[in-house]
Amino acid sequence: MTDPWAADREALWRVLHARRDHRHFRPDPVATEALERVLDAFRVAPSVGLSQPWHVTVVRSAGLRDAAYQSFAGVRTREQERFGGERRALYDTLKLEGIREAPVGLVVSFVPPEAATLGTTSLPAALEYSVVSAITLAWLAATAEGLGMGWVSLVEPGDLHAALDIPAHLRPLAYLCLGHPALELKEPLLQTVGWASSRPLSVEWRD
C-alpha cells in the first residue's frame, strides 16, 4: 500500500536537517509573501492551554536594527569577560549576530496571561516554552522558504523596549535575524569554528 505521507515526511526531514543558526546574510530584501508565511507559523504553533502567549514585532528599519545592534555590542562586551585564555581568543573571533546585515528582524515577546492558564499549575514556565516552540516552527518555515534565521540572545530586553516602543507589559524573549543566507552551512557554525561539538542524543528507554 502506498504511504500517502512519504513525500511529506522526506521533505520535513530535509528542512529539519537544513535548519541552521545563521549570522551571515545577503542584503537582498525578503519578499513580503515569504515573510507572511514565516509569520503564519505562529498562528499554527502549539501553546499550553491554547494561550498563544506571543507577540511579534517586525523590524525592517535600518535605524531600528542599528539600535538593536548597539544593545548586542554592549552585552557582548560584558560576556567577553566570562572567558579567558584560548577560549577568550576564540570568542573574540566569533560572529554572533547578523542584526545589521539581515533585512528583517523579528522580536518575539512573551505576553503574560491576564488570568489562570490551563495546564500551567505545576509548570508555569510552559507559557514561555510555548513561545520558544512557536519560534522553532517559524525557524523551520523560514528554512523551507530558502531563508536563514539566527537567534541573537545577547540583547537587553529593556533596550528593545525603548528602541522599538514595545508595550511595557510584554517581555522580549528573542531577537531573530531573517534574510537570505550568505553562507551555506553544512553543520552548526559554532562546530565549524571549533567552539563546541554536537553531542549524541541522550535517550533512556523505560519499558
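A pocket, as the word is used here, is an open set of grid points with protein on both sides within 12 Å along at least five of seven lines, and its lining residues have an atom within 4 Å of a point. The model on screen is predicted.

**Stop 1: the second largest pocket**

Select Ala18, Arg19, His22, Thr143 and Leu185. Among the 15 residues that line the second largest pocket, these five lie nearest its centre. The volume of this pocket is about 190 Å³. Sorted by class, the lining holds 6 nonpolar, 5 polar and 4 charged residues.

**Stop 2: α1 against α5**

Keep α1 and α5 selected. Their axes are 9 Å apart and the helices pack at an angle of about 100°. α1 is therefore roughly perpendicular to α5. To see the contact, show Val15, Leu16 and Ala18 on the α1 side, which meet Leu140, Thr143 and Ala144 of α5. The contact of α1 with α5 is made up of 5 nonpolar residues, 1 polar residue and no charged residues. Two of the residues from the previous stop return here: Ala18 and Thr143 lie nearest the centre of the second largest pocket, and they also take part in the contact of α1 with α5.

**Stop 3: α2 against α5**

The axes of α2 and α5 come within 8 Å and cross at roughly 145°. The crossing is right-handed. From α2, select Arg37, Val38, Ala41, Phe42 and Val44; from α5, select Ala134, Ile135, Leu137, Ala138, Ala141 and Ala142, which they meet. By class, this contact has 10 nonpolar, no polar and 1 charged residues.

**Stop 4: α3 against α6**

Which way do α3 and α6 run, roughly parallel or roughly antiparallel to each other? Their axes cross at roughly 160° and come within 9 Å. Angles over 145 degrees count as roughly antiparallel, so α3 and α6 are roughly antiparallel to each other. This crossing is right-handed. On α3, pick Leu64, Ala67, Ala68 and Ser71; their partners on α6 are Asp159, Leu160, Ala163 and Leu164. The contact of α3 with α6 counts 6 nonpolar, 1 polar and 1 charged residues.

**Stop 5: the largest pocket**

Finish with Asp21, Arg23, Leu96, Trp151 and Leu190. The largest pocket has 18 lining residues, and these five are the ones nearest its centre. About 380 Å³ of space lies inside the largest pocket. Colour β3 (148-152) and α7 (189-192), the elements that give two or more residues to this lining. In the lining of the largest pocket, 12 residues are nonpolar, 1 is polar and 5 are charged.

Methods: Residues numbered from 1 in each chain as written. Predicted model: local features only at pLDDT ≥ 70, side-chain atom pairs only at ≥ 80, totals over all residues. Heavy atoms only, no water. 1 Å grid on protein atoms, 1.4 Å probe; cavity = no way out; pocket = protein on both sides within 12 Å on 5 of 7 lines; lining within 4 Å. Points joined across faces, edges and corners; volume = space filled by probe spheres on them. Helix = DSSP H or I, 4+ residues; strand = E, 2+ residues; numbered from the N terminus. Nonpolar A, V, L, I, M, F, W, Y, C, P; charged D, E, K, R; others polar. Axes fitted to C-alpha atoms, helices over the stretch in contact; angles between N-to-C directions. Parallel < 35°, antiparallel > 145°, perpendicular 65-115°, else oblique. Left-handed = near helix turned anticlockwise from the far one by under 90°. Contact = heavy atoms within 4.5 Å.
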